[in-house]
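Trainee: I have some terms to check against the numbers. Can we go through them one at a time?

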Amino acid sequence: MKDASPQTIYLKDYTPFGWQVADVHLTVALAPNATRVKSRIHFVPNPNAPEQEFFLHGEELKLIRAAIDGEEVAPEITPQGLRCKVPSGPFLWESEVEIAPAENFALEGLYMSNGMYCTQCEAEGFRKITYYPDRPDVMATFTVRIEGDEAVKLSNGNPTDSGEGWAEWHDPWPKPAYLFALVAGDLVNHPGEFTTRSGKTVELNIWVRPGDEDKCAFGMEALKASMKWDEEVYGREYDLDIFNIVAVDDFNMGAMENKGLNIFNSSCVLASPETSTDANFERIEAIIAHEYFHNWTGNRITCRDWFQLCLKEGLTVFRDSQFTSDMRSAEVKRISDVIDLRARQFPEDQGPLSHPVRPESFQEINNFYTATVYEKGAEVIGMLKRLVGDEDYAKALDLYFERHDGDAATIEDWLTVFEDATGRDLAQFKRWYSQSGTPHLSVTEDYADGVYTLTFKQHTPPTPGQSEKAPQVLPIAVGLLNPNGDEVVPTTVLEMTEAEQSFSFDGLSSKPVPSILRGFSAPVVLERETAPEEKRFLLAHDTDAFNRWEASRDLARACLYAMITEGAGPDTAWIDALEQVVRDADLDPAFRALMLSLPTQSELAQMLHARGVTPDPDAIYAATEALKNAMAERWSALLPALREESAVTAAYSPGAEQSGKRALGNAVLALQTRLDGGKAAQAQYDAADNMTMQLSALSCLISAGAEETALAAFEAQWKDDRLVMDKWFALQVAATAPENAATRASALTERADFDWKNPNRFRAVMGSLAMNHAGFHAKDGSGYKLLADWLIKLDEKNPQTAARMCSVFQTWKRYDTQRQALMQAELERIAAKPGLSRDVTEMVTRLLS
Ligand code: PHE
Ligand code: ZN
């Protein structure tokens, strides 16, 4: 068992480890219940560290033998590791431990998934494999010998030798233990090859279970595209002879960037048109790129300690979104990223789990792989790039790689590189890393004598542990249009540094219409009361795609707000203005599809709460439904034409062009279903020859309550495909009417194929329940109770996934007192569970505080 007594770790307490590791030799003799791990490690005193006792991390290990310079020793064993007396100079440490991968359901360390061995070491999983200074600033070269009967045995680096029942690997690049990986199983590979720009040939493989070979081609192409892109855009070449990717079914996260041996949740790499949606393809492409890009931003330059997690994650997310923008549409990607940020990061930053992009303390680091560290971390880099400009950004990145290659670096190092490369002072900008919460930005305007002035005010509401906030540096991208719709001032970045600050534009012959925060140039809440006419004007004329979309979004928010709080009817002026954009065949269908999406119910709840109105999930649901019905009715003639226009006749391809059309067609189908009760959806279901069309038809049928036939047909067709069945589980809960959501989720958990120890299957049902806003928040508390029951149960096996899912309760204080009391009671019930993990304990404590 992990030690559950809460111990808080602070950034300010950082001290280097007392020794350096010259090299590591591991011999791993595999057996499901008794794997033996032998280590030989050369330790050398670290001249830059204070005196300390010798301590190695180790958890759930059975120590068989330990020796120093060949002499057996008897270390003191604690639940966290071991202490030992050691010589004052360099020495050789040897140990042998036994572990049981077949009993490891936490999916950290060495575990088994469908009979194959695999590892997950980030953040602190290596200590479940052997005794080691398991911290990212201890870097070493690894040589690994794997012994076992499995056909395929893989580790980091290059293969050096193998024979009957064994294989050896050597990784020449010093790395922290969290990047260690080992895989063994009867796997098959989809091979490929890439020639780097300096002419080196790299062998590529995607390893999968037999039967999945035909789902690797897309991932392989994405990998090659990523390798090429990183050479062209960041000048980064791959640095080993071989790059392996392995797909595993049981995985807590999306994927892991282990050096030369990336391990993927199979849902994030396996793809085929029949089994994967367009969204799956796009996500797979992005995650393959993300993990590959980590080879430089994360592996060659790693983090000094886990507080610096955003150093690798923020930057790598930023890089993968640049990649997606280049491969597909930059405008569509930006809008999608903002939708995602508002759905996942804003609630986190505005609730009890709020923390800085670089946290200053934690109990369990696994709880800090958050939307704030990843997505807000990426936003911060986007702002930095906007402030310094593309050229200086490129210069700074070159310097970063040159100066810090091989280092375990910090955010200070990162910012110093930018200061040195650009001559800027980034002291104030650094607040983005230390101050939590989402800044609110308000603006007023003034026009006199040809001078137009915008006055901005910023303030950030208090967050846990931070009551006082200082002004942040906000890059505010602004453009000005004149009343006939021409752009008179193109996008200009205003650099706001004060709490209140004005910016003037002169030489304007008439009062312009401002387009503020173009491209969502800073992750803030923009508060601006403007007349609906002005929003409709921007919806029609803005040259900035993001703000065009945002103008419509603002109108939708205002309309829904009035419907919810005043019982107003749908805003037909907005619906008509939107129609002009949606029917504009010159616009990218993917963009038009995004224009059709409404703010999520959770986002509306947050908006109401921010305006002092207690959100009623049932009323929010009802208003959203009424608005969609009104859109469908008003566009009844337009919808069939739009579907026709977006029909794809060519053979399936997951690229931007076809997927944009399908996105538009399916957004339209959802509206059509409101008029025909599912007739068109059933026809699409019957004719579908790819998962995108099949699944969106099924989703419409579920929303219409007409799914019985299709649901059974889908199950019969796909019952043997785990990843497709995850979609079947998820959709029934996510798309059903709120009053059925909890019952349905509960019924699904009774099925024999509800393999709840598999994180994908667990999330399919429980994650979808949380996504069904009014269903999860059912007044009787049934949604809350079901989730809490299952979190308690999952925690015994897999604390990391259970803890991550606790965040579904992060908005609990927004709601009415009855719902609050129900949620609080469930959180307290979880907290009171004897033997609760450190992971979940920390989460519920923060949620309740
Ligand atoms: N480092 C991984 C990624 O972002 C995420 C991850 C974290 C995976 C912890 C597993 C465990 O790319
Ligand atoms: Zn990452």
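Mentor: Start with a definition: a polar contact is a pair of N or O atoms within 3.5 Å. Bear in mind that this is a predicted model.

Trainee: What makes the pair between glutamate 257 and ligand 1 a polar contact?

Mentor: The distance. A polar side-chain atom of glutamate 257 is 2.7 Å from a nitrogen atom of ligand 1. The limit is 3.5 Å, so the pair counts.

Trainee: How do you know that glutamate 122 and histidine 294 qualify too?

Mentor: Apply the limit again. For glutamate 122, a side-chain N or O atom is 2.6 Å from a nitrogen atom of ligand 1. For histidine 294, a polar side-chain atom is 3.4 Å from an oxygen atom of the ligand. Both values are within 3.5 Å, so both pairs are polar contacts.

Trainee: Which residues come nearest to ligand 1?

Mentor: Out of 13 residues around the ligand, these are Glu122, Glu257, Glu291, Glu313 and Tyr374.

Trainee: What is the geometry of the peptide bond from glutamate 122 to alanine 123?

Mentor: That bond is cis, with omega near -5°. Most peptide bonds are trans. Alanine 123 sits in the loop between strand E11 (116-120) and strand E12 (140-147).

Trainee: Why does the phi of asparagine 114 deserve a remark?

Mentor: Phi there is near 50°, a positive value, and the residue is not glycine. Most residues other than glycine have a negative phi. Asparagine 114 is in the loop between strand E10 (109-113) and E11.

Trainee: What makes H5 roughly parallel to H7?

Mentor: The axes of H5 (residues 371-388) and H7 (residues 411-422) cross at roughly 10° and come within 12 Å. That angle is under 35 degrees, so the label is roughly parallel. Ile381, Leu384 and Val388 of H5 meet Trp414, Leu415, Phe418 and Thr422 of H7. Six of these residues are nonpolar, one is polar and none is charged.

Trainee: How do you know that H17 and H18 are roughly antiparallel?

Mentor: The axes of H17 (residues 679-687) and H18 (residues 691-703) come within 8 Å and cross at roughly 150°. The cut-off is over 145, therefore the pair is roughly antiparallel. This crossing is left-handed.

Trainee: What side chain classes occur in the contact of H17 with H18?

Mentor: From H17 come Ala681, Gln682, Gln684 and Tyr685. H18 brings Met693, Gln694, Ser696, Ala697, Leu698, Cys700 and Leu701. Seven residues are nonpolar, four are polar and none is charged.

How values were computed:
Residues numbered from 1 in each chain as written. Chains lettered and ligands numbered in written order. Predicted model: local features only at pLDDT ≥ 70, side-chain atom pairs only at ≥ 80, totals over all residues. Heavy atoms only, no water. Near = heavy atom within 4 Å. Polar contact = N/O pair within 3.5 Å; in protein donor to acceptor, adjacent residues only side chain to side chain. Axes fitted to C-alpha atoms, helices over the stretch in contact; angles between N-to-C directions. Helix = DSSP H or I, 4+ residues; strand = E, 2+ residues; numbered from the N terminus. Parallel < 35°, antiparallel > 145°, perpendicular 65-115°, else oblique. Contact = heavy atoms within 4.5 Å. Nonpolar A, V, L, I, M, F, W, Y, C, P; charged D, E, K, R; others polar. Left-handed = near helix turned anticlockwise from the far one by under 90°.
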